Amino acid sequence: MEITQNEILYSFNNFSNWIRSLENTNEKLWFAPIEEKKWSISEIIAHLFNWDRYLISEILPAVQIGNEINFPEYDTFNKRASDYIQSGVSKSKLIDETVATRNLLVKLLHEMTIERLNRRLTVNGVTNCPSTGAPYSLIYIIKEFADHDTHHKQQIMRFLSGSV
C-alpha cells in the first residue's frame, strides 16, 4: 500500500510532538552517547534540526524555481550537529528551535502545489533513487526524511528504554 502525500506530511509534522516529549529527558541521558561511538540524543536532535534548516534554506527554494537539488557532503554537514551541541546549546533551546523549524518546514510544504511536490527532480545529478529506482520528487525526498526521522526515533527510544 502506497502512502499518500497527506500521510507523509502528517507524519513529518507529527514528529514535532515526539521531539517535544523529550523535554523531560534526564540531562545525563540527553548528552550521553546512545551507543559506543554513536551520537547522543542531543546530537541526533541537532542533526535533524540542521537538515530541516537545509531543506528550508536550500532545497525548497531550488524546487520552487525548478533547479536541481544538491545535498552537501554528509559527514561534513552532519558534524555541524555535534559542533552545535558542543557550543553549549541548552536542551530546551534545541527542542524549541527544532520544533519551530519543523513546523515552518511543514507549513511551507503545505503551501506548495501538488504538482510542485510531485514534479520530477534531479538530486546531485541523479533522477531516480539508487535504492528503489523511483523517480525523485520533493514528496519522495520528504518521505525519505520522514523515514530517517523514524530511524533516529527508534534509536533514541531503544536507548531510553534500556536506560530507565
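Throughout these legends, buried means under 20% relative accessible area, exposed means over 50%, and partly exposed lies in between (1.4 Å probe, protein chains only). Helices are DSSP runs of H or I with at least four residues, numbered from the N terminus. The model is a predicted one, in which local features need pLDDT of at least 70 and side-chain atom pairs count only at pLDDT 80 or more, while totals for chains, interfaces and linings use all residues. Residues are numbered from 1 along each chain as its sequence is written, and side-chain values use heavy atoms, leaving out hydrogens and water.

View A. Phe-77, Asn-78, Ala-81, Ser-82 and Ile-85 are the buried residues of α4. They cover an arc of only 160° around the axis, so they sit on the same side of α4; the arc is taken from the directions from the helix axis to the C-beta atoms. An α-helix has 3.6 residues a turn, so residues three or four places apart point the same way. On the face turned away from that buried side you will find the exposed Thr-76 and Gln-86.

**View B. The ends of α4.** After α4 comes Gly-88, with a positive phi near 100°.

**View C. Val-99 in helix α5.** Val-99 is found in α5 and counts as buried because its relative accessibility is 9%. Not counting residues up to four places away in sequence, Val-99 touches Ser-16, Ile-19 and Arg-20 (contact means heavy atoms within 4.5 Å). The C-alpha atoms of Val-99 and Trp-18 are separated by 9.5 Å, though these residues are 81 apart along the chain.

**View D. Charges over rings.** Here a charge sits over a ring if NZ of Lys or CZ of Arg is within 6 Å of the ring centre and within 35 degrees of the ring normal. The charged end of Arg-102 sits over the ring of Phe-12, 3.8 Å from its centre. Lys-91 places its charged end over the ring of Trp-30, 6.0 Å from the centre.

Key
Helix = DSSP H or I, 4+ residues; strand = E, 2+ residues; numbered from the N terminus.
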